[in-house]
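Q: I'm new here and would like to learn how to read a structure like this one. Could you walk me through it, one feature at a time?

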Amino acid sequence: MSDGTSTLAELLAEGDVLVLSGAGISTESGIPDYRGPGGTLARHTPMTYQAFVGDPAARRRYWARSYIGWRAMNRVTPNSGHHAVASLQRRGLVSGIVTQNVDGLHQAGGARSVIELHGNLRDVVCLGCGHSTPREELDHRLTEANPRFGALPTAINPDGDVELPDEEIDGFQVVGCRACDGGMLKPDVVFFGETVPAERVRECFALVEGARLLLVLGSSLTVMSGRRFVLHAAKLGIPVAIVNQGPTRGDGYATLTIDAPLGTVLPELVRLIDTEAVSTGSPH
């Protein structure tokens with residue numbers, strides 16, 4: 001491992017670390033990111049909120065793709081990077097976790113009190129009445145409405161849908177909210193063009209303000225949704241460390257950057273911290 005990894009382990013060992021994670025932490029679980037090596041933006045345009053609510057054909061296309069994609073996402077398991085973050089949290093070194101991901105893999109890997117900045121795929125919300133239901137329930141309803149739908153995906157996307165040929169989507173039936181008799185259902189995620197709830201953003205800013213170090217994991221920080229927390233930390237003089245494959249738009253604000261796979265770096269950080277704790281008799 002590089003000297004940068006050893007330096008980062010020393011920084012983490014001091015505690016009060018806020019983790020900000022992006023799609024890059026889940027790539028080794030089989031979910032591609034948008035902009036990293038092999039990212040999906042070159043072949044896939046993510047669903048926008050405006051298209052979802054304003055275009056019935058786009059909405060049907062999304063739900064057909066998401067119907068297949070959610071089942072694939074539901075089989076994905078956390079990787080060594082997720083487990084390492086949870087280990088650092090259990091050791092009392094990570095004070096908070098903010099993720100831009102909607103896959104739930106941090107929690108599946110053992111992390112607690114994770115703020116899901118962009119929501120999650122586990123729930124579905126009605127845009128009419130606000131009623132929330134588990135995604136499993138919607139899956140059963142879509143199966144009943146589309147008994148002969150057996151499309152095969154060509155690739156899964158970070159937002160939980162898949163690539164399907166248009167001819168496979170023709171005839172897919174979308175269902176509405178049962179609570180208000182037909183309201184428009186939407187996954188409880190923040191689509192492109194949609195705003196993150198203000199209270200959630202305030203909570204994240206408060207975590208930044210209380211941290212000694214902001215650790216960015218697997219995010220290119222291309223969009224302001226995540227980059228604003230790096231800018232806020234830099235403004236307050238809070239050090240920023242970034243581990244990502246490829247450059248990020250936060251590199252200029254970072255005191256330390258490591259360009260390497262998270263599934264390799266993060267377990268090594270845990271090992272280094274534990275080794276140092278044993279040698280010094282630290283409780284970590």
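A: Gladly! Let's start with one spot: Gly119 stands opposite Val189 in β6. This is a predicted model, in which local features need pLDDT of at least 70, side-chain atom pairs count only at pLDDT 80 or more, and totals for chains, interfaces and linings use all residues. Residues are numbered from 1 along each chain as its sequence is written, and side-chain values use heavy atoms, leaving out hydrogens and water.

Q: How many bridges join β4 to β6?

A: In general, strands of a sheet pair through backbone hydrogen bonds, either parallel or antiparallel. Here 4 bridges join β4 to β6, and the two run antiparallel. Strands (E, at least two residues) and helices (H or I, at least four) are DSSP runs numbered from the N terminus, and two strands pair if DSSP finds at least two bridges between them.

Q: Which strands form the open sheet with antiparallel pairing, and in what order?

A: There are 3 strands in that open sheet, in the order β5-β4-β6. At its edges lie β5 (132–134) and β6, each pairing on one side only. From one strand to the next, the twist averages 40°; angles run from 0 to 180 degrees between N-to-C directions, with axes fitted to C-alpha atoms (for helices, over the stretch in contact).

Q: What is the order of the strands in the open sheet with parallel pairing?

A: Read across, the order is β3-β2-β1-β7-β8-β9, which makes 6 strands with parallel pairing.

Q: How many bridges join strand β1 to strand β2?

A: Strand β1 (residues 17–21) and strand β2 (residues 94–99) are joined by 5 bridges and run parallel.

Q: How many cavities of 30 Å³ or more does a search of the whole structure find?

A: Rolling a probe the size of a water molecule over the atoms shows where empty space is left. On a 1 Å grid over the protein atoms alone, a cavity is a set of points where a 1.4 Å probe fits but cannot get out, a pocket is an open set with protein on both sides within 12 Å along at least five of seven lines, and lining residues have an atom within 4 Å of a point. The search finds 1 cavity of 30 Å³ or more. The largest cavity holds about 30 Å³ of space, with the volume being that filled by probe spheres set on grid points joined across faces, edges and corners.

Q: Which residues line the largest cavity?

A: Its lining consists of Leu18, Leu20, Val98, Cys204, Val208, Leu214 and Phe229. The elements giving two or more residues to this lining are β1 and α8.

Q: What volume does the second largest pocket have?

A: About 190 Å³. Among the residues lining the second largest pocket are Trp70, Met73, Asp103, Leu105, Ala108, Leu121, Arg122 and Glu136. Two or more lining residues come from each of α3 (56–73), α5 (105–108) and β4 (119–126).
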